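Visitor: I'm new to reading protein models. Could you walk me through one, feature by feature?

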Amino acid sequence: MLKKNLLIFPIRSFIHFLVMVPWLSFGIIIGLFNNEAGVNIIFSWVRFFLRMYGIDICVQNDNDSTKHLAGCVFTLLGQNSLLDGPVGICAIPKPCRGIVNLEYAIIPFFGWAMWVFCWVIIRQWPSQAKKTLAKAKAFLQNDGNLWMSIEGKRSKNGSLSQFKKGPVVMAINAQAKIVPVIISGTKECLGYGKWRIQSGRVVVRLLEAIHTNGMKYEDRDVLVNQLFAIAEREVVGRSSERA
């Protein structure tokens, strides 16, 4: 059994890299002519990637199940694994897009696909960030969903990093709802500093949406503090209880 398990990962990795380059390249090329078609191809690869490594995703929605979540900023609280992005983007309602930094987008093939799949913010170019904000606002107001991490980096030990204001500003700018997201199980599948992906069950919990109707840019710190308090309760607090 041990020998079989040792062989599974290299076989999966070989298949992964064998299909990744042509699959993502095709999606990137198609995306240059038809963005939505290119996005669908990239999505199909992400779903294939997760299934191939045996990542079973379970979505728990704390919101009214009779109402479709649309025009929301899905905000990840507590980032622990490189798998959080692919898992989260597959779990939220479509159509959706992500927001990533330039550093992530220049990774060969997978990062390049982000230029089709996500919107890229270049930190050193404020004008480019404003264009991204304008595109995000229009997308949200047309019932599209955005996926963002409020920390912007993974945690080494499960502790929370300083929260960024980007997701909150995006939501206020479009008067969109913020859906806090908690992901558990990805750390066990691919923890910080690990390179070998383990099969496992991942739970994506969509917490109750926070409305931003009537809020202004000046209210951003209040919302950030509210999200941090939720993260302390739902991420740090529950981790302490399990320990």
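**Reading the model**

Visitor: Let's begin with burial. Which residues are buried in α7?

Guide: In α7 the buried residues are Pro167, Val168, Val169, Met170, Ala171, Ile172 and Ala174. Buried means under 20% relative accessible area, exposed means over 50% and partly exposed is in between, using a 1.4 Å probe and protein chains only. Helix α7 covers residues 166–174, and seven of its nine residues are buried, so the helix is largely enclosed by the rest of the structure. One caution: this is a predicted model, where local features need pLDDT of at least 70 and side-chain atom pairs count only at pLDDT 80 or more, while totals for chains, interfaces and linings use all residues. Residues are numbered from 1 along each chain as its sequence is written, and side-chain values use heavy atoms, with hydrogens and water left out.

Visitor: Why is helix α5 largely enclosed by the rest of the structure?

Guide: Helix α5 (residues 110–117) has six buried residues out of eight, so it is largely enclosed. Those six are Phe110, Gly111, Ala113, Met114, Val116 and Phe117. For the whole chain, buried residues make up 47% of the 243 residues.

Visitor: How many helices and strands does the chain have?

Guide: It has nine helices and seven strands. Both are DSSP runs numbered from the N terminus: helices are H or I with at least four residues, and strands are E with at least two.

Visitor: What share of the contacts in the chain with a separation of 6 or more comes from residues 24 or more positions apart?

Guide: The share is 72%. Contact here means heavy atoms within 4.5 Å. Take Leu140, which sits in helix α6 (residues 126–141) and is buried, with a relative accessible area of 4%. Beyond its neighbours within four places in sequence, Leu140 contacts Gly71, Cys72, Val73, Leu146, Met170, Ala174 and Ala176. Its C-alpha atom is also 8.8 Å from that of Gln175, which is 35 residues away along the chain.

Visitor: And Ala37 and Val116, how far apart are they in space, C-alpha to C-alpha?

Guide: They are 9.8 Å apart in space, and 79 residues apart in sequence. Ala37 belongs to helix α2 and is partly exposed, with a relative accessible area of 28%. Val116, by contrast, is one of the buried residues of α5.

Visitor: How do I read two helices packed together?

Guide: Packed helices are described by the angle between their axes and the distance between those axes. Here α2 (residues 35–52) and α3 (residues 84–91) pack at about 115°, with axes 10 Å apart. The axes are lines fitted to C-alpha atoms, for helices over the stretch in contact, and angles run from 0 to 180 degrees between N-to-C directions. From α2, the contact uses Phe43, Val46, Arg47 and Leu50, and from α3 it uses Pro86, Val87, Ile89 and Cys90. Those residues divide into seven nonpolar, no polar and one charged. Nonpolar covers Ala, Val, Leu, Ile, Met, Phe, Trp, Tyr, Cys and Pro, charged covers Asp, Glu, Lys and Arg, and the others, Gly among them, are polar.

Visitor: Which residues that line the second largest pocket are the closest to its centre?

Guide: Of its 19 lining residues, the closest to the centre are His16, Phe49, Leu82, Phe110 and Ile197. A pocket is an open set of points on a 1 Å grid over the protein atoms alone, where a 1.4 Å probe fits, with protein on both sides within 12 Å along at least five of seven lines; lining residues have an atom within 4 Å of a point. The lining divides into 16 nonpolar, two polar and one charged. Helix α1 gives the most to it, with five residues.

Visitor: Which residues does a cis peptide bond join?

Guide: Lys94 and Pro95, with omega about 0°. Pro95 is in the loop between α3 and β3 (96–101).
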